[in-house]
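Here is a protein to explore together. Take a moment with the sequence and the picture, and then we'll walk through them.

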Amino acid sequence: MPTSAAARPRRTYRTRWPIHVLRGVPFALWLVVTIVTLRRYPELPDTIAIHFSASGELDGFGPRASVLALLAIWWLLLGSLFWLSRRPRLLNYPVAVTPGNAQRLYRQAETMLVVLMLALAVIGTGVVTLLLSAGSSVGPILLAVGLGLTLLAVVGSLVSMFRSEGRVEVDEH
């Protein structure tokens, strides 16, 4: 039974078009957020809100350059998830990866990572909204939606992987 990524079957399935489209949405959203943030950057005060408690209360301040670091970190995270989503063979799985179930598990993992990319972009948009418009009610809503997408992606994928553990798949090219 192959356990390391190198010993696992290669990915042979074709990614479905909705996943290709969905893979681009987080980058488009984050590009808009980046452009808006950079346009607003000169207007920001030297010290900005950088942390909010779970209840939405402001409890931390930092230099306005913090927002630039946030943009860069989010680009790096999105790029990393994009790269991994195209290489699901490299991931760890909660069930044994066999020649009979590999393609199904890889497809489920790819979908999970693409939805996580979307969730990350929504969370980042919520965070930037809070930084740029501290009194806005949109930021917390976006954070909640992003966290909900994260939970849905991870739990849904795990349940699906455990359910399909014993099934053998017909190879789809």
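Let's start with L44, which touches R64, V67 and L132, leaving aside residues up to four places away in sequence; touching, or contact, means heavy atoms within 4.5 Å. You'll find L44 in the loop between α1 (17–40) and β1 (47–52). L44 has a relative accessible area of 9%, so it is buried; buried means under 20% relative accessible area, exposed over 50%, and partly exposed in between, using a 1.4 Å probe and protein chains only. L44 and P63 are 19 residues apart along the chain, and their C-alpha atoms are separated by 9.8 Å.

A quick word on what you're looking at: this is a predicted model, where local features need pLDDT of at least 70 and side-chain atom pairs count only at pLDDT 80 or more, while totals for chains, interfaces and linings use all residues. Residues are numbered from 1 along each chain as its sequence is written, and side-chain values use heavy atoms, with hydrogens and water left out.

Now zoom out. The protein has four helices and two strands, and from the N terminus on they run α-β-β-α-α-α. Helices (H or I, at least four residues) and strands (E, at least two) are DSSP runs, numbered from the N terminus. Of the 173 residues in the protein, 39% are buried. The C-alpha trace spans about 60 × 30 × 25 Å along its principal axes.

Next up is helix α3. It has 31 residues and reaches 44 Å from first C-alpha to last, close to the 45 Å expected at 1.5 Å a residue; the expected span is 1.5 Å times one less than the number of residues. This helix is mostly covered, with 29 of its 31 residues buried.

How do α2 and α3 pack? Their angle is about 170 degrees, and their axes are 9 Å apart. Axes here are lines fitted to C-alpha atoms, for helices over the stretch in contact, and angles run from 0 to 180 degrees between N-to-C directions.

T129 counts as buried because its relative accessibility is 18%. A polar atom of its side chain lies 2.7 Å from the backbone oxygen of T125.

Conventions:
Polar contact = N/O pair within 3.5 Å; in protein donor to acceptor, adjacent residues only side chain to side chain.
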